[in-house]
Amino acid sequence: IAGIVTADLKRSGRFSPLAATQYADRPADLTQVTYGSFRALGVPHLAVGQVRAVGAGYAVQFQLADVYQGSQLLGSSFDVRSGDLRRVAHHIADLIYEKLTGEKGAFNTRIAYVTARGGSSYTLVVADSDGYNPQVVLRSPLPVMSPAWSPDGTKLAYVSFENRAAQIVVQD
C-alpha cells in the first residue's frame, strides 16, 4: 500500500516523497513518530499506516501529519478484501492529495485506451489510473478508437468499425 500511495503522489508532480532508506524511523502510528528527525530531513508532511489481517480480509489504517506542527491532519480506517488493497491504496492517495492541495485526487479512477498492432488488431483496454490491472474490453480486427467515460463513470463509449461503418458503442 505504501508503495502505491508513494507512486501515486510522486506521479502527480506535486510531491517528492522520500525513499524509505532516507529515514531511520519506521512508525506505524503517529504516537510513534519522532517529529524532530523528520523536521531535520525537511519533511513537511508524514503519512503512516498499518495493515492487519482480519478474518478473510484486512484492516487498513493510515494517518497524515503536519511534521512542523506535530499534529494529525487526516486519518482513516478501512476494512477490505485482499482484492481491494490496490483500490484502497489509490483512495488513500486521493485523500492525502486533496487534504494537502485542496483539489480532488484522481488516483482511484480507471483509464481506457486502445492498442493497435500492425493495423490488423485493435484492443480496447480498461486499467487502474496507474496502468495496473488491465482488462480487455474488446478485441477487433477493425479499428476501435476514442474511448470516453460517461460523466458518472459507469459506462464507456467508443467508436467501432465492426459493421464496416463508424458507430458509437456504449457499454457498462
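Okay, let's start with a term: a salt bridge here is a side-chain nitrogen of Lys or Arg within 4 Å of a carboxyl oxygen of Asp or Glu. By that rule, the structure has 8 salt bridges.

Before going on, a word on what we're looking at. This is a predicted model, where local features need pLDDT of at least 70, side-chain atom pairs count only at pLDDT 80 or more, and totals for chains, interfaces and linings use all residues. Residues are numbered from 1 along each chain as its sequence is written, and side-chain values use heavy atoms, with hydrogens and water left out.

So, the overall layout. The protein has 3 helices and 9 strands; helices (H or I, at least four residues) and strands (E, at least two) are DSSP runs, numbered from the N terminus. Reading from the N terminus, the order goes α-α-β-β-β-α-β-β-β-β-β-β. The radius of gyration, taken over C-alpha atoms, is compared with a globule rule of 2.2 Å times the number of residues to the power 0.38. For this protein of 172 residues the value is 21 Å, well over the 16 Å from the rule, so the protein is more spread out than a compact globule. If you box in the C-alpha atoms along the principal axes, you get roughly 65 × 35 × 30 Å.

What about the surface? Accessible areas come from the Shrake-Rupley method with a 1.4 Å probe, and for residues only the protein chains shown count as cover. The protein exposes about 10,100 Å², and carbon and sulfur atoms supply 52% of that. For single residues, buried means under 20% relative accessible area, exposed means over 50%, and partly exposed is in between (1.4 Å probe, protein chains only). Of the 172 residues, 30% count as buried.

Next, contacts, meaning heavy atoms within 4.5 Å. Among the contacts with a separation of 6 or more, residues 24 or more positions apart account for 31%.

Now back to those salt bridges. Arg 14 pairs with Glu 103, and their closest N and O atoms are 3.1 Å apart. This pair links distant parts of the chain: Arg 14 is in the loop between α1 (2-11) and α2 (35-40), while Glu 103 is in the loop between α3 (85-101) and β4 (110-117), 89 residues apart. Buried or exposed, or in between: where does Arg 14 fall? Arg 14 is partly exposed at 45% relative accessible area, and Glu 103 is partly exposed too, at 38%.

Another salt bridge joins Lys 104 and Glu 98, at 3.7 Å from N to O. Here Lys 104 is exposed, with 67% relative accessible area, and Glu 98 is partly exposed at 33%.

Over by the end of the chain, Asp 172 and Lys 155 meet in a salt bridge at 3.3 Å, N to O. Asp 172 sits in the segment after β9 (167-171) and Lys 155 in the loop between β7 (144-149) and β8 (156-160), so the pair ties together parts 17 residues apart in sequence. Asp 172 counts as exposed at 74%, whereas Lys 155 is partly exposed at 35%. There's also a network: salt bridges that share partners join Arg 86, Arg 110, Asp 128 and Asp 130.

Which strand holds Thr 123? Thr 123 is in β5, residues 121-128, and is buried, with a relative accessible area of 3%. Setting aside neighbours within four places in sequence, Thr 123 is in contact with Tyr 113, Val 114, Thr 115, Val 136, Leu 138 and Arg 139.

Then there's Ser 77, in strand β3, residues 71-81. Ser 77 counts as exposed, at 55% relative accessibility. Leaving out neighbours within four places, Ser 77 is in contact with Val 60 and Gln 61.

Tyr 23 is partly exposed, at 24% relative accessibility. Not counting residues up to four places away in sequence, Tyr 23 touches Leu 18, Phe 38 and Leu 41. The C-alpha atoms of Tyr 23 and Leu 41 are separated by 8.1 Å, and the two are 18 residues apart along the chain.
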